[in-house]
Structures are given as structure tokens and as C-alpha cells.
Amino acid sequence: ESLTYLIDHRCSKYDTVRIQFLNRLGAFDYFNFNLVSKKTVSATRNTFRKVLDYNYSVGQRGETVLDIDAHNSYSVQSDWVNQSESTWLEELVTSNEVYVIDASGVAHPIIIDDSSVEIKKTINDKLLSYVFTYHSAEKIGTQRA
């Protein structure tokens with residue numbers, strides 16, 4: 001009796017983040033980031049401080065938040081890549097159109113935060129992996145005072 005084992009090396013405990021970007025030739029390329037991905041919410045608050053009356057009561061607000069400017073930031077890490085993929089990922093940083101493709105296939109515009117990327121070589125770094133940070137081009141809807 002012979003047994004055949006199929007090893008699925010694509011399974012991972014991490015969610016896959018699919019990035020679409022415009023390459024230098026004017027066509028869209030795709031890359032899957034299969035390792036750790038992290039999400040951070042950043043918020044900037046605009047406040048107003050009013051002078052309280054001399055007979056103020058406890059509970060009156062001296063400082064009030066007028067506006068919150070918030071957006072989501074993300075960090076994604078690639079799986080191990082070879083030398084040619086490493087050189088090709090340079091185009092992700094230099095692309096002016098970058099999108100994240102969600103599970104339903106909808107493209108959401110993003111802005112890459114990394115202003116530079118080190119193009120690694122297998123002769124120097126035996127294993128090649130990249131971490132990119134980006135934020136969504138759409139702001140989070142918040143209430144205004």
C-alpha cells in the first residue's frame with residue numbers, strides 16, 4: 001500500500017494581506033503579505049479650553065474636544081522572498097497607486113508610510129523578508145462637537 005502526503009505550506013495562523021500596486025510599466029502587480037499584520041488607530045484631537053466662572057459647579061467642563069482626526073495604520077510582513085522578488089518589491093514603495101484587496105475583492109486605497117526600503121541581497125542576508133507600514137487613505141468617521 002502506498003501513501004501520498006500533500007503538504008499545504010500556504011496555511012498560516014496569520015491573515016493574508018493582499019496588496020495591489022501600479023508598477024513602473026503602468027500595469028498592476030499583486031503581492032501577498034503572509035506573516036504578522038498589525039493595526040493601529042491614530043487620533044489627533046483639537047480642543048477648546050474655556051474659562052470657568054468663579055462660581056462653577058463640579059462637573060462643568062473646562063476643556064472640550066471639538067474635533068478628532070483619526071485614521072488606521074497598518075504594518076505587514078512578507079514571507080521569505082528570493083533575490084528577484086526583493087528587487088521587485090522596490091516598486092511597491094515608489095508606486096503612486098497602492099490598494100489593499102479585502103476578502104470580498106474590493107480595493108481600498110492606502111498610502112505607504114515607508115519613504116525608503118533596503119534592497120536586500122542573498123549574499124549579505126541569507127533570508128529575505130520585508131516589513132511595510134501604511135495607512136488608509138480614508139479617514140475614520142468621528143463625531144464633531
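Contact here means heavy atoms within 4.5 Å. Keep that cut-off at hand for these exercises on a predicted model.

**Exercise 1.** Find which residues Phe33 touches, leaving out those up to four places away in sequence.

*Solution.* Now place Phe33 in its setting: together with Ile19, Leu92 and Tyr134, Phe33 touches the most other members of the largest nonpolar core, which has 18 residues. At least two residues of this core come from each of β1, β2, α2, β5, β6 and β7. The top contributor is β1, with three residues. As a general point, nonpolar side chains tend to be buried together in soluble globular proteins.

**Exercise 2.** Locate the salt bridge and work out what it ties together.

*Solution.* The structure has one salt bridge, and its partners are the side chains of Glu90 and Arg24, at 3.1 Å from N to O. Helix α2 holds Glu90, while Arg24 sits in the loop between β1 and β2, so the pair links parts 66 residues apart in sequence. Next, check accessibility: Glu90 is partly exposed at 28%, and Arg24 is exposed at 53%.

**Exercise 3.** Describe the surroundings of Ala107.

*Solution.* First, assign Ala107 to strand β6, residues 107–112. Then take its relative accessibility: because the value is 35%, Ala107 counts as partly exposed. Beyond four places in sequence, Ala107 touches Gln20, Tyr99, Val100 and Ile101. Finally, compare C-alpha positions: Ala107 and Arg18 are 89 residues apart along the chain, with 9.6 Å between these atoms.

Note on methods: Residues numbered from 1 in each chain as written. Predicted model: local features only at pLDDT ≥ 70, side-chain atom pairs only at ≥ 80, totals over all residues. Heavy atoms only, no water. Helix = DSSP H or I, 4+ residues; strand = E, 2+ residues; numbered from the N terminus. Buried < 20%, exposed > 50% of the residue type's maximum accessible area, 1.4 Å probe, protein only. Core = buried A, V, L, I, M, F, W, Y, C linked by side-chain atoms within 4.5 Å. Salt bridge = Lys/Arg side-chain N within 4 Å of Asp/Glu carboxyl O.
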